[in-house]
Amino acid sequence: MRVLTGIQPSGDLHIGNYFGSIKQMVDAQKSGETFAFIANYHAMSSGNGGEKLAKLTMQTATDFLSLGIDPKVSTFWVQSDVKEVLELYWILSAFTPMGLLERAHSYKDKTAKGIAANHSLFSYPVLMAADILLYSPDIIPVGKDQIQHVEIARDIAVKFNNQYGDILKIPEFQVQEEVQTVPGTDGQKMSKSYGNTVNIFGEEKKQLKTIKKIVTEAVPMQEPKEYKECNVYNMAKLFLNSDELLELQNRYTRGGEGHGHFKLYLADVMWEYFKPYREKRDYYLSNQDEVREILKEGAKKAQEVALPMIEKIRRVTGVKY
Ligand code: ADP
Ligand code: TRP
């Protein structure tokens, strides 16, 4: 079974990204064939570009490798290193009714947020369809916001196959229902766009400062405290085993400690949890050439799958004459 996913290089990774998505991808490596790429062309559609995009692409690749994407097991590459995807994007455009794109929520949401309504933002789902269909994956793990994009890819594939036969594999999406939404420092969903993130990598002091900002109830030190709705508890529980979790619950209910104590505990637990990943990251940061080499090898592996597919498509569509 082949699982495929794309990640936009859009900024510093936070613990919401880790528990909501990255950890799933790392764990998926145990059970199937995983294809993961950095969607740098997609990032351009929201106005990212230039030196910043190049830097974020390397940073995201470095972070994913540090967090457990294993290039020996996964095919891991940068989208723009396999140009065939752009050819397929154009070919699929001819199978994409305007109405299908006009109904896409993501375009409407992004323009409502003030992102310029350019063509790449509008045709984003067609490029995503090309990303998927070029590699014939079985499953695309997605957050709820990406379901419609996979449905669009399926619609486009069906239309193409209706004309040219059974060429494109119709992908299935898999929604990660069980993945909880990780709260941010203000209690809303943790997200870069809300400025409420606790980042995975960063200086210890800065991280502690962020954790100290987490919004909590005002309850006198001696009194028992609620843990179920507490943002500090809900972040801490991601890192704890069941015994540690029980112990933390007891500390809340027995009173005598303030939220400040729980915040210090969260900072410690998180710092320890990511320690091996930080060490790996330090290694990759001082060996960026090795990261580039891994990405180059990954692109080669991805291309081995992409080339026979695009050749077949060129033939049936008459692009090859
Ligand atoms: P952001 O909202 O910070 O821009 P992205 O939209 O780039 O994050 O999300 C990348 C991945 O991380 C997606 O798969 C998304 O489902 C997951 N993710 C992001 N924030 C959270 C969160 N607060 N809780 C759980 N998963 C999250
Ligand atoms: N649109 C996805 C996101 O913003 C990223 C992405 C691009 C993707 N191409 C993909 C995800 C192909 C899965 C499959 O999260």
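In the predicted model described here, a nitrogen atom of ligand 1 lies 2.9 Å from a polar backbone atom of Met190, a polar contact being a pair of N or O atoms within 3.5 Å; within protein, one must be able to donate a hydrogen and the other to accept it, and residues adjacent in sequence count only if both atoms are side-chain atoms. The backbone of Lys192 also takes part, with a polar atom 2.8 Å from an oxygen atom of ligand 1. From Lys189, a polar side-chain atom is placed 3.5 Å from a nitrogen atom of ligand 1. Of the 550 Å² that ligand 1 exposes when taken alone, the protein buries 73% (accessible areas from the Shrake-Rupley method with a 1.4 Å probe; for residues, only the protein chains shown count as cover).

The residues around ligand 1 include His14, Gly16, Asn17, Gln180, Thr181 and Val182, a residue being near a molecule or strand if one of its heavy atoms lies within 4 Å of it. By class, this shell holds two nonpolar, eight polar and two charged residues; Ala, Val, Leu, Ile, Met, Phe, Trp, Tyr, Cys and Pro count as nonpolar, Asp, Glu, Lys and Arg as charged, and the others, Gly among them, as polar.

The model is predicted, with local features requiring pLDDT of at least 70 and side-chain atom pairs pLDDT 80 or more, whereas totals for chains, interfaces and linings use all residues. Residues are numbered from 1 along each chain as its sequence is written, chains are lettered from A and ligands numbered from 1 in the order in which they are written, and side-chain values use heavy atoms, with hydrogens and water left out.

Ligand 2 is surrounded by 13 residues, of which the closest are Gln8, His42, Tyr124, Asp131 and Gln146. The side chain of Tyr124 brings a polar atom to 2.6 Å from a nitrogen atom of ligand 2, and an N or O atom in the side chain of Asp131 is 2.8 Å from a nitrogen atom of the ligand. For Gln8, a polar side-chain atom is found 3.1 Å from an oxygen atom of ligand 2. Taken alone, ligand 2 exposes 370 Å², and the protein buries 87% of that.

The protein chain is assigned domain 1 (2–180 + 288–317) and domain 2 (202–273), with bounds from an automatic or database domain assignment. Their centres, taken over C-alpha atoms, are 36 Å apart. Five residues of domain 1 contact six residues of domain 2, contact meaning heavy atoms within 4.5 Å. Together the domains bury about 470 Å², 76% of it on carbon and sulfur atoms; buried area is the accessible area (1.4 Å probe) that two parts lose on being put together, summed over both. Ile15, Phe19 and Gln180 supply 86% of the area that domain 1 buries against domain 2.
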